[in-house]
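Here is my notebook from a sitting with this structure.

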Amino acid sequence: MSDEAPPSPLGQMTRRTALGALVAGGIGFAAFGPRGAKESADGRIVLDYWEKWTGHEARAMMKLVDAFNSSQKRIRVRYLTTAGIDQKALISIAAGDPPDLVGLWNYNVPQYAETGAILPLDELDTKGEVRAERFAQGFRPVLMHPDPHTKKERQWAVINTGGVLALYYNKQLFREAGLDPERPPRTIEELTAANTRLIKRSKPGSDAPLERAGFMQTEPGWWSWIWGYSFGGSLYDAGNDRCLAASPQNVAGFEWVQRTSEELGVEANKTFKAGFGNYDSPLNAFLTGKLAMVVQGPWLANVINAHGPKDASGRPSLDYGVVPMPVTADLYDANHPVGLIDCDIMVVPRGVKHPEACMEFIAFLQRQENVEAMALAHYKSSPLAVSSKAFLENHPNRGILTFDAIAKSDRTYRVPRTRAWPQIKDELDAGLQRMWSLERSAKDELAMIERRSQEYLDTVEAQRKQRGYGRA
Amino acid sequence: MSSRTAQLKRDLTGWIWVSPWLFGFLVFLLGPMLVSLYYSFTDYPLLEPPIWTGLANYRRMLTDDTFRDVLWRTARFAILFIPLATALSLAIAGLLNERVKAGGFFQAAVFIPTLVPMAGSAMIWLWMLNGEYGLINQVIKAVLGWAGVTGPNWLADSRLAMASIVMISLWSIGQMVVVYLAALKEVPDEMLEAAALDGMGPIRRFISIVLPMISPVILFNVITLMIGALQIFAIPYIISAATPGGDPRSMYFYTMYMYDNGFRYGQMGYASAQAWVQLLITLGLTAVMFLASRKLVHYRS
């Protein structure tokens, strides 16, 4: 028997060719494979800008990006719509290959700032073009966070578009229910009474199917945690890093939520809500008249104009008004409205090659005319301390003055500034539904949420301490 | 050429041909697994370097209420889903094994749902189970409406959330049905005929002949189902996010919590520890099944 290896069915040359092809493929991939082009053909610096927006919101930003690219010959910005942007940004920064600019949400600032994932803008902004003082006082705190090492407050972001929450109400439905459409609710008590008047059922009975509700704290359900603020509560004591979910004011706020659910009928309101269409559709419950009042931002006007009822000439005909979110009678002050600030921000990740070019683009976006152009296109508030007359006059939301007044109020509130917020919010989201279903009393549920949330806060503090920058 | 050289050349040829797989295995599977094992012993917020914390992440699971909740919920899902999916797919395979008209059509009809992407499947069921306009509740209303019976809020009612997820998952058992059908066709007709001549009824024949004959396939399918059940993610993830008024925690499963820890909460070390615990649970249960199979599974060899 021969010791020679049996001839390969593919032959010697074929094997060599195959090996050669593998090697050549690898070299080719390394040499010509996909990569981020950091310099364009005309020698410009290329900045990759990841943003969450699609549709008309993306188009508005792309228009500004094009205007910037045309305005100078040194920098070219490439806009890329990115789904799940906060998670993808997190991974790209951790991997050391971040985009040059990222559009995030204000609640991302603590996590990104504390871990050194983003650059402090006050350091980059040598010309003082985007300082926090430019923004309305309600917006300023979302840009700031203590430097983890020096404990000094620093500016980490700018606001792309601003959002303020207020109460929308349907004037036509108010008239039908015998309520004065020019005297909308100011206090929680008035809001509760209006809700009672606006409830409409298909037959008598407290749990009979609903045809219309006045107000539901679970619609749209994006801000499950805000109800205690209308009672003077707060969720977080930043100074002591304590969760305050079970404070008496929060308990009172969520007991009010439970009373609303009870009045509507737990099963009836769940079935009723299951019939609500998507937010950005003609089946939006506020547009169809199933819900007479809803807490929303100024952007709802876009949905109203796009999908709401129209008159004979095709113009939007939904007769609505906007007022600050009602508060308890003792807190009511017309000159100092209470409202949530929620906004889209822009940051520069750690590790970018051209931070000064990023700053040039940010400064361009932050010019008053560009900020207002974006806000108009997005149907949002201007985050700036001073809004131009033209902006307020041309804004498509008829309640823009209300939103503007809330933004400038000294009684606005924001997402608690802690890295543990995503976990705490998930607890509150689930807790709201359990309280709404009357599965557990507000007091018990909030006590559990507070205990769990404090554990999350403590875990984050332990992480900080391990890295030598605990809060103490 | 010496025999040693020839052997080396043969080995080299083999390594070259398996190298693409080997590269993928080392770089995309074994490497990440070992790295995640290391991370599981660290505090790793993703944006900062990991710090060695020993068994802290594993200890944390013992006191983490949410971890306990998701583990128990996932176990309940597996306990409900595996027997139901096995029984249902066997029953459907049994029916398809009969010589019926348009059998090919029914086989295709059963298999098609497995081709629908998970996200599409979730969206379809979101509407099927909608409390007000859903097809299922409309049927209930049409049939039992005269007695005042109305359908429940399948997805928004936390008491029914688990049943809904099981129901949706059962929609995609076509692949198992095909495997069972192939196994049933392998059961020798003469054996069944002989048993019938000996006076065995159809149920007895199924229990005493068919089940032992296809028991290796049942074992394979049950293990596959168990692994899938412990990893359930896409359907509850999409449905809980899109269900108005539902308690999102009633559809919160093990892998969802692991994902949140890793990519939303900045707790990659804890998420890695959870992944390893999940792997150990899966390996443990698989080992138990193999041990049990020694007595319960019949191999022709």
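Ground rules first: I call two strands paired if DSSP finds at least two bridges between them. Helices (H or I, at least four residues) and strands (E, at least two) are DSSP runs, numbered from the N terminus.

This is a predicted model, so I kept its limits in mind: local features need pLDDT of at least 70, side-chain atom pairs count only at pLDDT 80 or more, and totals for chains, interfaces and linings use all residues. Residues are numbered from 1 along each chain as its sequence is written, while chains are lettered from A and ligands numbered from 1 in the order in which they are written.

**Entry 1, the sheet.** I looked up the strand order and found E2-E1-E3-E15-E6 in chain A, an open sheet of five strands with mixed pairing. Strands E2 (75-81) and E6 (158-161) of chain A are at the edges with a single partner strand each, so one side of each has no neighbour in the sheet. On average, neighbouring strands here are turned by 30 degrees against each other, direction ignored. My angles run from 0 to 180 degrees between N-to-C directions, with axes as lines fitted to C-alpha atoms, for helices over the stretch in contact.

I then checked E1 (residues 45-51) of chain A, which pairs with E2(A) in the parallel sense over seven bridges. Which residue of E2(A) is the bridge partner of Val46(A)? I found Arg76(A) there.

Helix H3 (residues 85-94) of chain A packs on the sheet and touches E1 and E3 (101-105) of chain A, its direction making about 135 degrees with that of E3(A). For contact, I require C-beta atoms, placed from the backbone, to lie within 7 Å.

In chain A, 19 residues of domain 1 are in contact with 19 residues of domain 2. H16(A) gives the largest share of the domain 1 side, five residues.

How many residues of chain A are in contact with chain B? I read 33, against 32 residues of chain B. The largest share of the chain A side, six residues, comes from H17(A). That side has 10 nonpolar, 13 polar and 10 charged residues. In this count Ala, Val, Leu, Ile, Met, Phe, Trp, Tyr, Cys and Pro are nonpolar, Asp, Glu, Lys and Arg charged, and the others, Gly among them, polar.

Terms used. Two residues are in contact if their C-beta atoms, placed from the backbone, lie within 7 Å.
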